[in-house]
Amino acid sequence: MTIAIVDYGMGNLHSVSKAVERLGTEALVTGDREAILGADGVILPGVGAFGDAMEHLRETGLDRVVREAAEGGKPLLGICLGMQLLFGSSEEHGHHEGLNILPGRVVRFPDGELKVPHMGWNRLQFVQKDSPLFSGLTEGHVYFVHSYHVLPDEPADLLAVTDYGRPVTAIVGRGSVYGMQFHPEKSGELGVQLLRSFLRLTGAKV
């Protein structure tokens, strides 16, 4: 079993790959099309600005590769900025088109209401309790760092939320495509359990 972690020049590649390896699954950090499409699952990490990330993905052709993986039904997980990139657009520093794998948009938290960025441990609330990601799990706290959040177009794509003055998208999913706004690799036991749940969807024995 191999999980491809997409290397497009931005992202928490080391911490994600080590988290996957600690669960007994091989992690391959790569920007190679054949390696990504040949893997059993794909993780799209991300740290930084939406527009810069999409520019790097387009320059390397990895935007097409990630879409191809998703369209082929390969389990795909976007983490933090990687989750936001799965959607149609973002208003971060202007208007930027995303991968448009899931319908929705990324918007900034309103100024003046709460501290931005949203940073720290917040409790997950499972919305779609029958999601395979949540099998055998109980709600708990995970670690967030973000100034922008996702507004999915389809309520069915919203799997879990957290409360930050309002319900905020925390986990999304449709078919074999998933996204987590928080960092599962930095989120203690619940983060490990959620990452394990995703790896099981790839066929990994974890």
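Is Ser-90 buried or exposed? Ser-90 counts as buried, at 1% relative accessibility (buried means under 20% relative accessible area, exposed over 50%, partly exposed in between, with a 1.4 Å probe and protein chains only). A heads-up before the rest: this is a predicted model, where local features need pLDDT of at least 70 and side-chain atom pairs count only at pLDDT 80 or more, while totals for chains, interfaces and linings use all residues. Residues are numbered from 1 along each chain as its sequence is written, and side-chain values use heavy atoms, with hydrogens and water left out.

**The chain as a whole**

- The chain has 6 helices and 13 strands (DSSP runs numbered from the N terminus: helices are H or I with at least four residues, strands are E with at least two).
- Its radius of gyration is 15 Å, close to the 17 Å that the globule rule gives for 206 residues, so the chain is as compact as a globular protein of that length (the radius is taken over C-alpha atoms, and the rule is 2.2 Å times the number of residues to the power 0.38).
- Along its principal axes, the C-alpha trace spans about 45 × 40 × 30 Å.
- Buried residues account for 55% of the 206 in the chain.
- The chain exposes about 8800 Å², and carbon and sulfur atoms supply 48% of that (areas come from the Shrake-Rupley method with a 1.4 Å probe; for residues, only the protein chains shown count as cover).
- Take the contacts between residues at least 6 apart in sequence: 71% of them join residues at least 24 apart (contact means heavy atoms within 4.5 Å).

**Nonpolar cores**

- The largest nonpolar core has 32 residues, and those with the most contacts inside it are Ile-43, Leu-124, Ile-171, Phe-182 and Leu-194 (a core is a set of buried Ala, Val, Leu, Ile, Met, Phe, Trp, Tyr and Cys residues joined through side-chain atoms within 4.5 Å).
- A second, separate core has 31 residues, including Leu-44, Val-65, Phe-87 and Val-150.
- Leaving out residues up to four places away in sequence, Ile-171 touches a list of residues that includes Leu-124, Leu-133, Phe-134, Phe-182 and Leu-194.

**The nine-stranded sheet**

- 9 strands make an open sheet with mixed pairing, in the order β2-β1-β3-β4-β13-β12-β11-β8-β9 (two strands pair if DSSP finds at least two bridges between them).
- The edge strands are β2 (26-30) and β9 (141-146), each pairing on one side only.
- Neighbouring strands here are turned by 30° against each other on average, direction ignored (axes are lines fitted to C-alpha atoms, for helices over the stretch in contact, and angles run from 0 to 180 degrees between N-to-C directions).
- Strand β1 (residues 2-6) pairs with β2 in the parallel sense over 5 bridges, and Ala-4 stands opposite Leu-28 in β2.
- Helix α1 (residues 13-22) packs on the sheet, touching β1, β2, β3 (41-44) and β4 (76-79), and its direction makes about 160° with that of β2.

**Strand β11 and its partners**

- Strand β11 (residues 158-163) is mostly covered, with 5 of its 6 residues buried.
- On one pairing, 3 bridges join β11 to strand β8 (residues 118-126) in an antiparallel run, and Phe-126 sits opposite Ala-160 in β11.
- β11 also pairs antiparallel with strand β12 (residues 167-174), over 5 bridges, and Thr-162 has Val-168 in β12 as its bridge partner.
- The β11-β12 hairpin has 3 residues between the strands, and Gly-165 there takes a positive phi near 80°.

- Ser-90 is found in strand β5 (residues 89-90).
- Beyond its neighbours within four places in sequence, Ser-90 is in contact with Phe-50, His-95, His-96 and Val-106.
- β5 belongs to an open sheet of 4 strands with mixed pairing, ordered β6-β5-β7-β10.
- β6 (96-97) and β10 (148-152) stand at the edges with a single partner strand each, so one side of each is left without a neighbour in the sheet.
- β5 and β6 run antiparallel, joined by 2 bridges, and Ser-89 stands opposite Glu-97 in β6.

**Ser-17 in helix α1**

- Ser-17 has its place in helix α1 and is buried, with a relative accessible area of 7%.
- Setting aside neighbours within four places in sequence, Ser-17 is in contact with Ile-5, Ala-27 and Val-29.
- Ser-17 and Ile-43 are 26 residues apart along the chain, and their C-alpha atoms are separated by 9.4 Å.
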